[in-house]
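Student: I have a structure to look at and have not seen it before. Can we go through it together?

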Amino acid sequence: MNPVIQALIIILIGIGGCLGYFYLSSQLLDKVLFPQRGENAGRNINRANMIRPWLFIFPALFVLGVYLFYPVLESLRLSLTDRDAGDAFVGLANYQQLFSDPKFWEAMRNNTLWLIVVPATCTAFGLLFAQLTDLIAWGNIARTIIFMPMAISWVGASVVFMLLYDIRPVTGVLNAVWMQFEGGVGSFLFLRIFPAIILLGFAAVATYVCYLFLRPFFIPEERKGGIISAALRAVAGAAAAYLAVLALLNVIDVFTITLPYGKTQAWKTIPFWNNFFLMAVMIWVQTGLAMVILSAALRGIPQETVESAIIDGAKPFQLFFRIKIPQIFGTIVVVWIILSVGVLRVFDIVYTMTFSNWNTAILANYLYRKLFNDFDWGVGSASVIILVLLVSPIIYWNVNKAR
Amino acid sequence: MDGIVEIKSSLKKWVVHITVALLVAVWLVPTLGLFVSSFRTTDQIKASGWWTALFTTEQKEVLRAADPDDFRVADGDVFTVSGNLFGEGSSKKITLWGPSSLASDAYVPGEVADLGDGESITVQANGDYVWRGNDDQLSGHGQRVFVTVRAPPEFTLENYHWMLFDKQNSQRMTKAFLNTLTVAIPSTIIPIVISAFAAYALAWMNFRGRALLIVAVVAGLAVPYQVSLVPTLKLYVDIGIGKSYPGVWLAHSAFCMAFAIFLFRNYMAGIPREIIENAKLDGANDFQIFIWIVLPLSIPAIASWTVIQFLWTYNDLLTGKVFLIDNTGDNIILTEAIIRMLGPYAGQWAILSAGAFISMVVPLAVFLTMQRYFARGLLAGSIKG
């Protein structure tokens, strides 16, 4: 049968079936099981009202259970068994194998990089756009253009960037620009000073974050929560300090490294740095999302706080960083979380651009390869469980916030 | 004093304008490159950057006179071959030319180049040439001519035609396009009713366990859908669905369910309580309240969600790959079709860019017409439950 006709029939059956289910089950409840007439009418109405919510919610619950919650358990089971040995229980052998696979650690390293760089850059750019486009008349057009990549598929976006990265300078813009650098003053400015400034800025932000996390240890009044939150703070503070030191060390590298001027570059294959060229795709797409959410938050700031700050003589930068940012801090965290979930899920970019070659795999690609290329369901499911574990702090945070 | 402040503030305005313009340009360049390339021929793409395609450009080309063995005309002792170097009807103009790579810009159009021993060639600006020589000289290959040409912008729809309609192209995208719509439309419509009923129950009905269910939905928001690939596929194979459209529709519906319920519940919870209580006093039951009051009032939220879900399912790769695409190649979807082109057509940007753009037309059209709903939905999804 033609799939289009099949689709139409299924849509009709699907919608009709759903509506029919909801209507008929409601009727059954009211007319047959607990008739709302006769001597027990009052009691019956109460009983029907106790059951009805479950009728409404059952299909959704069923779907969620089968496609989301059951698979978590099933993946857990698969990760503890060996498919080739007739689903025999093998304990943690799959995890052992996973942890001894250098490809897995490569994926973990890349994913960590993605988790640091992509949400940070998207949020920063999104904030910048949200603030700047608010100041100008054609801001709406600018916003539409920044937002547009959100409509394109990851695959399409990857193809767009593959053209940008093409090895021939006559096709690839990046190589065309690269060929302009010859080691003179301009090269020094753009390839040494500019990256150094970005790294120093990142180090500054990381230091500030470190300070925010560690402050309660020095100021007794700000101490909240128990020993667990103190431990989490210490870990997060240490991580931020590590990132700051790392960034500072890289500043030295930026000035000492010899750059291959005048040679066309295959950007996707340069070890380690190719990760950043892949991240650029995601940043290009997701900045629009960050911008839209942050822009709404900026507009939601009470005008009085801004006005009184101006009257008190706040300069634009002070106004932005000391009045506006603290008020939308909650939204920034939300954006960060949404982007992090996106990073952990995204599979298409690496798959399209490098097919996980040249050490670019991230966890989503690693597990796809294990599950569907190597058909190793044990180790694949183990990496799925690792992915779930990575997401679980976010799930916990979401749930806590919803309550 | 006022003047200085004014200059300063107008300067600041210009800084903002220029910064935004630069950033917008950076954001636009990648897409623009693909878009322009999709309207150029392979030769053009190899000859000059797409960023020059919008202007008249100067480029160097190597052309060849017609084969003398077939086309020479006797004229007494000498022979001549004449014609146009570009073939027929080109809008290019030759500015400089020469008969060898060392003297590629030795002559201007109209001059006669002496090739020695009485052999000569002359080339006009429009590409017309006359090549003279004796029997020996005018044999073998046609004379090569090195030219510098001014080429006006030139665009073609050939790539799109080839991608969509050409019979010789086995990777035609028409089928993939239809398949993608067949995946995306039901996957968008089916979950609406299910999630809306559940959202109503969670927003407006009191029952034991409601709080727990809301927690479950919120928890489901962040669970990566990679978790369900193998267990669900196993289930499909066990119950005999295998790789099929219904399988992929249900999978898509399930993966978006938590988000849909979350979005709809938040929206429905904002409906004024009096409306619903009045309806209850008038004797309406929950089914009627939902169908006649809550559902119509929730249309904006449903519209926003529909746009997001359609774009998501249309652009999806992984779900389609796992639950639909089999070895027959009949069930290919657009994203997969593009990935399969990347191998055989690597670096052939005329074809790749047209293919990529064909896959983007529908989402871009949806985006440009429904941008407001799209943004609103994303916004609502980010707000506290």
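Tutor: One definition to start with: the domain bounds used here come from an automatic or database domain assignment. Also, this is a predicted model.

Student: OK. Which domains does chain B have?

Tutor: Chain B is divided into domain 1 (2-52), domain 2 (57-152) and domain 3 (162-382). The C-alpha centres of domain 1 and domain 2 of chain B are 41 Å apart.

Student: And what does the assignment give for chain A?

Tutor: For chain A, domain 1 covers 3-59, domain 2 is made of 103-174 + 265-403, and domain 3 covers 180-263. Between domain 2 and domain 3 of chain A, the C-alpha centres lie 19 Å apart.

Student: Back to chain B. What is its radius of gyration?

Tutor: Chain B has 33 Å, whereas a compact globule of 385 residues would have a radius of gyration near 21 Å. Along its principal axes, the C-alpha trace of chain B spans about 110 × 80 × 35 Å.

Student: How many helices and strands are in chain B?

Tutor: Chain B has 14 helices and eight strands. Of its 385 residues, 43% are buried.

Student: Now the two chains. How many residues of chain B are in contact with chain A?

Tutor: 90 residues of chain B are in contact with 85 residues of chain A. The chain B side of that contact has 64 nonpolar, 23 polar and three charged residues.

Student: Which residues have the most contacts inside the largest nonpolar core?

Tutor: They are B:F197, B:A198, B:Y200 and B:I261, in a core of 175 residues. Apart from neighbours within four places in sequence, B:A198 is in contact with A:F56, A:I57, A:A60 and B:I261. There is also a second, separate core of 17 residues, which includes B:V123, B:W131, B:L138 and B:V147.

Student: Take one helix, α6 of chain B. Which of its residues are buried?

Tutor: Helix α6 of chain B runs over residues 210-222, and its buried residues are B:L213, B:V217, B:V218, B:A219, B:G220 and B:A222.

Student: What do those pack against?

Tutor: In chain A, the buried residues of α6(B) pack against α2 (41-79), α13 (329-345) and α16 (377-402). In chain B, they pack against α5 (173-204) and α8 (245-269).

Definitions and conventions. Residues numbered from 1 in each chain as written. Chains lettered and ligands numbered in written order. Predicted model: local features only at pLDDT ≥ 70, side-chain atom pairs only at ≥ 80, totals over all residues. Buried ≥ 20, exposed ≤ 12 C-beta atoms within 10 Å, placed from the backbone. Helix = DSSP H or I, 4+ residues; strand = E, 2+ residues; numbered from the N terminus. Contact = placed C-beta atoms within 7 Å. Nonpolar A, V, L, I, M, F, W, Y, C, P; charged D, E, K, R; others polar. Core = buried A, V, L, I, M, F, W, Y, C linked by C-beta atoms within 7 Å. Rg over C-alpha atoms; globule rule 2.2 N^0.38 Å.
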